[in-house]
Amino acid sequence: MTGDDLQALARSALEEIAGVADQDQLEEVRRRYLARHGGSIAAAATQLARVQGEERAALGRAFNSAKGAVTEALERRQTELEQGSWEVGLSAEEMDVTHPLHPLRRGHQHPVARTVREIEDIFARLGYLSVAGPEIEDDLHNFQMLNMPPEHPARDGHDTFYLAGDGAGWLYRTHTSPMQMRTMLAGQPPFRIIVPGKVARRDNPDPTHNPVFHQVEGLCVDQGVTVADLKGTLEYVLRQLFGKERGVRLRASFFPYTEPSLEADVACGICLGEGCRSCLGKGWIEILGSGMVHPDVLATAGVDPDRYSGFAFGMGPDRIAALRYGIRDVRELYENDLRLLEGF
Ligand SMILES: [Zn+2]
């Protein structure tokens, strides 16, 4: 074997190394050229032992050069193959961040909650503060301080859930009006508040009644507040809620804690005044009770009725939501039927 033979072997080894596709093929090439037994380049080592002098030195250099070149090529290719398999692995585990997700189910506010928020927003623009009050009240705040002493006939309209207790007449509040009292007792005029919250009465459920329902109470007390302010406020608010086209009417009414008293009706959203099951044939739906705060109530709350006057109102967001969204039966709002609730 000559130096030229070794060079030729090295060249062909390098070509093969460049062409291998995986570690097994690489190992096979290595064995064929460099294995101590049977490797074609390694075979030159045994030949070295048989030659002498200049020839031996030349063959030794050729052998070292060929072996070194092939060894280096094997290592380089080895590294390339490892790198390649790492990249193949990476691309197999690749995550497509643009792949669409399973569709998310988005929740939304309950129609009543949404209506309460809208009412709060409308009154916030008029400078009213939204306050919360206790749902469990005593007879004093729920009735007596609002001109409804025991045996007062107006109590009949408030079929009350009473709670067992210590004789203070604990009850589930029948309206949010007690919070008017608590607000006035706790401060000095002017007052501009609304009180959204749950109330309860022992009503038989029907399309416009549910035993537990919501109210938004409002109170405005200042010097020189008149019925004109009340009417202007109610008209503004109802137009904001129902739009200018929907019929609105105010009519005289009676509440023990206001004088004079007014009720506001809105044309039925289903029949627009014709009369249908939803409005019990009336064509109009009572939406709001209101009036000028009775001077006795102001005095009871520690507000001088000779100096201050005010109006109060209470409205039902459940009924308002039913009217605005065309729900025929307010009871549907509480049945948690997702097919209905998701329709909004
Ligand atoms: Zn109707």
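User: Good. What am I looking at, and how are residues numbered?

Analyst: It's a predicted model: local features need pLDDT of at least 70, side-chain atom pairs count only at pLDDT 80 or more, and totals for chains, interfaces and linings use all residues. Residues are numbered from 1 along each chain as its sequence is written.

User: What does the chain average in pLDDT?

Analyst: The average is 87, and 98% of the residues score at least 70. pLDDT is the predictor's confidence in each residue, from 0 to 100.

User: Where is confidence lowest, and where highest?

Analyst: Lowest is helix α11 (residues 338-341), at a mean of 70, and highest is strand β1 (residues 129-130), at 95.

User: How many helices and strands in the chain?

Analyst: 11 helices and nine strands. These are DSSP runs numbered from the N terminus, with helices being H or I of at least four residues and strands E of at least two. The radius of gyration is 45 Å, well over the 20 Å that the globule rule gives for 344 residues, so the chain is more spread out than a compact globule. That radius is taken over C-alpha atoms, and the rule is 2.2 Å times the number of residues to the power 0.38. Along the principal axes, the C-alpha atoms fill a box of roughly 135 × 45 × 40 Å.

User: Which domains are assigned?

Analyst: Domain 1 covers 3-92 and domain 2 covers 111-341, with bounds from an automatic or database domain assignment. Their centres, taken over C-alpha atoms, are 96 Å apart.

User: Ok, switching to the sheet. What's the strand order?

Analyst: It's an open sheet of seven strands, β1-β4-β5-β9-β8-β7-β6, with mixed pairing. β1 and β6 (248-255) are at the edges with a single partner strand each, so one side of each has no neighbour in the sheet. Strands count as paired if DSSP finds at least two bridges between them.

User: And what does β6 pair with?

Analyst: β6 runs antiparallel to strand β7 (residues 258-267), with seven bridges joining them. R251 sits opposite E263 in β7.

User: What about β5, is it buried or exposed?

Analyst: Nine of the 11 residues of β5 (residues 212-222) are buried, so that strand is largely enclosed by the rest of the structure. Buried means 20 or more other C-beta atoms within 10 Å of a residue's own, exposed means 12 or fewer, and partly exposed is in between, with C-beta atoms placed from the backbone. β5 is antiparallel to β4 (residues 191-200) over 10 bridges, where R192 partners C220. β5 also pairs antiparallel with β9 (residues 309-315) through seven bridges, and there E217 partners G314.

User: Which residues have the most contacts inside the largest nonpolar core?

Analyst: L146, V221, L234, V293 and F311, in a core of 53 residues. Helix α8 (residues 227-242) gives the largest share, five residues. Another core, of 16 residues, lies apart from it and includes A13, I17, Y33 and A62. A nonpolar core here is a set of buried Ala, Val, Leu, Ile, Met, Phe, Trp, Tyr and Cys residues joined through C-beta atoms within 7 Å.

User: Last one: where is N64, and is it buried or exposed?

Analyst: N64 is in helix α4 (residues 53-92). It counts as exposed, with 12 C-beta neighbours inside 10 Å.
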